[in-house]
Amino acid sequence: CVGLLEKEGLVLAKAYGRGNLLILVGADTGRDGIHGASGLASRTFEEEREMRPTVQVGNPFLEKVLIEACLEAVNTGYVVAMQDLGAAGLTSTVVESVARGDSGAFIDVALVPRREEGMTPYEVMLSESQERMLLVVNSEHEDSVRQIFDKWDLDSNVIGEVTEDSLVRIYDNNKLVASLPVGILTD
């Protein structure tokens, strides 16, 4: 055990509530880490040079600011759920969160801030860029929560919302590019 926390202080990665907003906070999305989790297990020494883009480079200062801002946002009581973006990026974070909440989601990847040109929806969804969090926020309190991130000089962008249909639908500029039942991705 590295510490103790009161049960009331926990924020789960359990997205629910039709119309609640999916807000991506922190660093811009790049191509780093795409296939990082799946590629590391199967790579050979010779492939290492080609795999370098899968290695993410962290930013400790940005991480600290992101932690403080997220804690402040949670204290408002308007954050329904929260999860960091790790292996498989938005794909796993969104799917896992809505699965826990018996919900669905739609995302428009065109709303995801990027630091690289020409990224495909596939790349945006799988990017493992560091220092990013997904918050599920009560839609009535979007402005209050986003003001906190503005104060900390962090980007916060609404990229979609929670639905009740148990589907994950991915759009690119309002064009549907993927639609799958949550259960197929989690069972």
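1. Is Asp 153 buried or exposed? Asp 153 is exposed, at a relative accessible area of 72%; here exposed means over 50%, buried under 20%, and partly exposed in between, with a 1.4 Å probe and protein chains only. You will find Asp 153 in the loop between helix H6 (142-151) and strand S5 (156-163). Its C-alpha lies 9.2 Å from that of Gly 26, although 127 residues separate Asp 153 and Gly 26 in sequence.

2. A word on what we are looking at. This is a predicted model, in which local features need pLDDT of at least 70 and side-chain atom pairs count only at pLDDT 80 or more, while totals for chains, interfaces and linings use all residues. Residues are numbered from 1 along each chain as its sequence is written, and side-chain values use heavy atoms, with hydrogens and water left out.

3. On to the overall fold. The protein has 7 helices and 7 strands, in the order β-α-α-α-β-α-β-α-β-α-β-β-β-α from the N terminus. Helices (H or I, at least four residues) and strands (E, at least two) are DSSP runs numbered from the N terminus. Of the 187 residues, 41% are buried. Contact means heavy atoms within 4.5 Å; of the contacts between residues at least 6 apart in sequence, 82% join residues at least 24 apart.

4. Next, the surface. The protein exposes about 10,500 Å², with 51% of that supplied by carbon and sulfur atoms; accessible areas come from the Shrake-Rupley method with a 1.4 Å probe, and for residues only the protein chains shown count as cover. Leu 5, Leu 10 and Leu 12 make a nonpolar surface patch of about 320 Å², and Leu 10 sits in the segment before strand S1 (21-26).

5. Beyond its neighbours within four places in sequence, Asn 20 is in contact with Val 80, Val 136, Val 137, Asn 138, Ser 139, Gly 160, Glu 161 and Val 162.

6. Two backbone angles deserve a look. Most residues other than glycine have a negative phi. Ala 88, in the loop between S2 and helix H4 (89-100), has a positive phi of about 70 degrees and is partly exposed at 24% relative accessible area. Asn 174 has a positive phi of about 65 degrees; Asn 174 lies in the loop between strand S6 (167-172) and strand S7 (175-181) and counts as exposed at 68% relative accessibility.

7. Strand S7 also holds Leu 180, which is partly exposed at 35% relative accessibility. Leu 180 and Val 168 are 12 residues apart in sequence and 5.4 Å apart, C-alpha to C-alpha. Not counting residues up to four places away in sequence, Leu 180 touches Ser 166, Leu 167, Val 168 and Leu 185.

8. Last, the largest pocket. Its lining has 17 residues, with Ile 67, Cys 70, Met 82, Asp 84 and Met 133 nearest its centre. Helix H3 (60-74), strand S2 (79-84) and strand S4 (132-137) each supply at least two lining residues, and H3 gives the largest share, 6 residues. A pocket is an open set of points on a 1 Å grid over the protein atoms alone, where a 1.4 Å probe fits, with protein on both sides within 12 Å along at least five of seven lines; lining residues have an atom within 4 Å of a point.

Terms used
Patches are made of residues with over 30% relative accessible area and no salt bridge: like charges are joined within 9 Å, nonpolar side chains (Val, Leu, Ile, Met, Phe, Trp, Tyr) within 5 Å. A salt bridge is a side-chain nitrogen of Lys or Arg within 4 Å of a carboxyl oxygen of Asp or Glu.
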